[in-house]
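The following questions and answers work through a structure of two chains, beginning with a contact between them.

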Amino acid sequence: MDRKDNFDKEIKNIMEEETFGLTLSQAALDNIFKNRKKTIKEKINNFLNREIEIPLAPVIVGLVFIFVITIIPVEAFKSQKERIIDIGGSQVIIRESYEVSKNEDKN
Amino acid sequence: MVAEKLLVKNLKNGQEDAYNKIVSEYGNRLLRTCYLILKDREEAEDVVQETFIRIFQKMDTFREKSGLYTWIYTIALNLSRDRLRKKQDTLILEDEWVGNNEVEYQVEKNFDRDLLRKELYHLNSLYREVLVLFYFEELSIKEISNLLNEKEGTIKSKLSRGRRILKESLLKGGQLNG
């Protein structure tokens, strides 16, 4: 069976001729490599480079909120109902009466 | 052998060079083999893609009991067979076939090459597969037997019968009945 005659050689030649120049297309190669196992470095890069969709409205609301709590001083929200008066070496704090009474109740 | 072990190791580690190497080494050859078996370029390309994708996905499970080449070809041939089965291009092999020496002699002396080319494509895939592996891939009977997971006797029988069908067909002017 291993001895090959002219007929056998011709079969081989025909097969070689029929497939001569037959190569994988670029699309096939791309598809193959797309499915290859990724290294950890590539996985991290892919994670960092991935596209994400962020809805605009919640982002704007969030940014405004962060701006409000970080940039604008807390005093801006406080009503000026507390005054400090320096008398000699002492300070007198004057608050509205209901606040004082509320604190007195605690004590 | 050492180079193959290193290649397998690098593939398991996901090294890009290893993937390029395995595809450049086996890709086109595998495509040609599948094309000869399937008789369809697109299908052959699909099989090759699927083969490599499976290899990449299952690389971690490859225990290296067989060679990388054997593993790749086994997957590709199984995928090709699945496609042929769907097209019902198979034939149940009959008992060992004993040929006629007169036919062998007459054809070996003189045959129409173009007709042989045509008849090769009309040959049943059951025989064509073995002929492709034997003549085109130049594998031994034992290697084919390992790849197809069939007994050596069965491979010999298929090979012998495939050749005989072709030769008889050539004598009859291209009326293939294999």
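Q: Which residue of chain B forms a salt bridge with Glu18(A)?
A: This is a predicted model, in which local features need pLDDT of at least 70, side-chain atom pairs count only at pLDDT 80 or more, and totals for chains, interfaces and linings use all residues. Residues are numbered from 1 along each chain as its sequence is written, and side-chain values use heavy atoms, with hydrogens and water left out. A salt bridge requires a side-chain nitrogen of Lys or Arg within 4 Å of a carboxyl oxygen of Asp or Glu. The closest N and O atoms lie 2.6 Å apart, and the partner of Glu18(A) is Arg117(B).

Q: How many salt bridges does the rule find across the interface of chain A and chain B?
A: In this interface, 32 residues of chain A are in contact (heavy atoms within 4.5 Å) with 45 residues of chain B. Across the interface of chain A and chain B, the number of salt bridges that the rule finds is four.

Q: How are α8(B) and α9(B) oriented to each other?
A: Helix α8 (residues 141-148) of chain B and helix α9 (residues 152-171) of chain B pack at an angle of about 110°, with their axes 9 Å apart. Angles of 65 to 115 degrees count as roughly perpendicular. The orientation of α8(B) to α9(B) is therefore roughly perpendicular.

Q: Which residues of α9(B) make the contact with α8(B)?
A: From α8(B), the contact involves Ile141(B), Lys142(B), Ile144(B), Ser145(B) and Leu148(B). On the side of α9(B), the residues are Glu152(B), Ile155(B), Lys156(B) and Leu159(B).

Note on methods:
Chains are lettered from A and ligands numbered from 1 in the order in which they are written. Axes are lines fitted to C-alpha atoms, for helices over the stretch in contact, and angles run from 0 to 180 degrees between N-to-C directions. Helices (H or I, at least four residues) and strands (E, at least two) are DSSP runs, numbered from the N terminus. Angles under 35 degrees count as roughly parallel, over 145 as roughly antiparallel, 65 to 115 as roughly perpendicular and the rest as oblique.
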